[in-house]
Amino acid sequence: MAQPATTPNVRVVTLRIDDRDLSAREDETIIEVCRENRIPIPSLCNLDGLSVWGGCRLCVVELEGQSRLYAACSTRVAEGMRIQTNTEKLQRYRRTIIELLFAERNHVCSVCVSNGHCELQWLAQKCGVDHVRIPYRQVAYPVDSSHEMFRLDHNRCILCTRCVRVCDEIEGAHTWDVMSRGSDCRIISDLARPWGESDTCTSCGKCVQVCPTGALVKQGTSVGEMVKDQHFLPILARRRHLS
Amino acid sequence: MHLEDLAEKAAEYRAEEAAVRREVRVCVAASCQSSGSLPVLEALTNACGDGGGSCRVKGVGCMGLCSAGPLVAVADKDCGLADSVLYRDVTPADAPDILGSVCGAPVERLRCPTDQPFFARQQKIVLENSGIIDPDSFKGYVAVGGYAALVQALSEMTPADVLREVTASGLRGRGGGGYPTGLKWSTVAKTPGVQKYVICNADEGDPGAFMDRAVLESDPHRVLEGMAIAAYAIGANKAYVYVRAEYPLAVERLQTAIRKAKRAGFLGSKVADTQFSFEVEIRLGAGAFVCGEETALMASIEGLRGQPRPRPPYPAESGLWGCPTLINNVESFANIAPIIRNGGDWFAGIGTEKSKGTKVFALAGKIQNTGLIEVPMGTSLRDIIEIIGGGIPDGKAFKAVQTGGPSGGCIPEQHLDIAVDYDSLKTLGTMMGSGGMIVIDETSCMVDVARYFMEFCMTESCGKCIPCRAGTQQMHGLLDKIARGQGTHADLALLEELCEVVQATSLCGLGQTAPNPVLSTLRYFRDEYEEKLAGG
């Protein structure tokens, strides 16, 4: 959500989203306006309080008069914009993207500590992904249990980089980063050292709370026990913004 | 500095060369070096000795016909020959023969005719000095009229005049997208900002493309001059050349050029004794193809992980370190000096209605004359491949030509008569790209071609967005399965669906265009896919 109006020069615009006439500040993004007005937009990388990433591509919407799609998280509203958020084409694209994620690593819900509390799982259900037509890659990824409180399971990671951003932008530690490229990408702590040996990690646990899946979890949790709480984030983000 | 002062200087430099009656030019660009031109240069230099000052051997840039390298050109001033004599496949042992040859009696066994279509059908603007001047020589560039456009712009034109000429020229970005250069420049010029930047994108990464490398290796000052004019027009004082580390020779020559231009007062503070200051810094790419994408390139210059960010905001509004930034490709900048010298209308008189000027193409693959050519926009593909390129070697039949590298598509025989420009290629489902042309003959399987380019995109995907990261991998898997004869109709249907999703939803150009080779091979060679499907 956009910050309260502190700058007087921001104009207010009117636009139409899914046949609803709405008003918005011109420095707001489409996803912010949708959330304000309870228009559901699926997203995995975007999180209120963190910088825009634009990587999951699930929030793509159609703009009238434009041939290409726009990511709602990174596109600002404009006067007279006409937006469609849930056409049949978009639904199909979103299902395929979610299927690609399921096939990429080993998201086996029935044995996952986040089962029932997983954003990927919710989205799959909401978007109607009831089976995956794309061949599973079935590559075994490592699990880093070296930290005394938390665990990183690369098999569940969707590379949304929420952990990287919250650690850098909110906690200020920048323990996490991404290494390699393409599907070899991996979240790493410090310079690819085991998490438990990290010099920079403050063990604050913010990364665990913002992780949408069962990739970052608390030690000692069993199937379905890992419930996450992200309420702290908008509050901390605003406090940081105001200071 | 006035134009007259520069003209005097140029005349002075030419006078220094007046005693030289015979000039032996040896190509020392990367492709001729790889076929052994440095030993040839050494042998010729030794055999020539000081030549009484009348004979001079010098290294020059690319002469185009890379497949015939090492190339040596001999220009005799006393001789009635209008053009120089060109020799091909020269070895160090040929040095005495070449130097011993007299006017009008060249060494026939080595001779490479310059009246053949490969040379005769070209029109050189970007490559006008390439193969003629010594790329390491500042004097050499000034002697052929170099830096006159910059001095003209600084002393006689306002930034708005420069923008008007560039806009009038109709020049479009040579990096592949074809965005109007004048529009881009004026957008950055109009964006408010105390600090602005100019970036030259020399991260040429398409397989089979080597246009920018040749320009930087053959005529680096021309690129610097274009950048300086751009900086003056948009109000920038700092520029970066982002060049890939795999081009060490280009980097070395660019460094030399920057150093010499700075010493001569054409870079640095008070350029050509005016109030305009302009610094150029080189940044080396670390081997990622995606860093050719402008936002990833800027992230890389900033010292961040080289991955793209969503646009808008475009670099013109928020680019390097959030400042308004002009980013153009090497060849685009190389066109600027002639546009300023001759006027935008002159440039607009060349080419087609919507694509002006010339385009440099790198001919590679199954083609007789591998190398670099520059032709006016609108030249037909058939002329480029069959006449200039000399057709397919070994009596094989032409099958397709891939333009635009891994982001482009293939063009089959039936469309060879199309006039090449940005828009015509788009209608065929491919793109101009930076100018690589890979010719494919009948022995190649188009499924393999698609698989090759998909593998390239898969390994070069930065991994930021899901459709590109996971999608290219899945598409590669399906292509591999089909190529091995194990694919089914369902696999082909899934492949086509993934193509659509990846194209529509990816974050940057790499992912958005990655399906193009598959889509275009499916469009023209669907039968080859279907033949390979299991069960026919």
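**Domains of chain A**

Counting two residues as in contact if their C-beta atoms, placed from the backbone, lie within 7 Å, the contact involves 15 residues from domain 1 of chain A and 22 residues from domain 2 of chain A.

**Basis of the model**

This is a predicted model, in which local features need pLDDT of at least 70 and side-chain atom pairs count only at pLDDT 80 or more, while totals for chains, interfaces and linings use all residues. Residues are numbered from 1 along each chain as its sequence is written, and chains are lettered from A and ligands numbered from 1 in the order in which they are written.

**Architecture of chain B**

Chain B contains 23 helices and 13 strands (DSSP runs numbered from the N terminus: helices are H or I of at least four residues, strands E of at least two). Its C-alpha atoms occupy a box of roughly 75 × 60 × 40 Å along the principal axes.

**Local backbone features of chain B**

Two cis peptide bonds may be noted: B:Gly69 to B:Pro70, with omega near -5°, and B:Pro312 to B:Pro313, with omega about 5°. B:Pro70 belongs to the loop between strand S2 (55-60) and strand S3 (72-76), and B:Pro313 to the loop between helix H13 (294-301) and strand S8 (325-329).

B:Tyr147, not a glycine, has a positive phi of about 65°; this residue is in the loop between helix H6 (138-143) and helix H7 (148-156).
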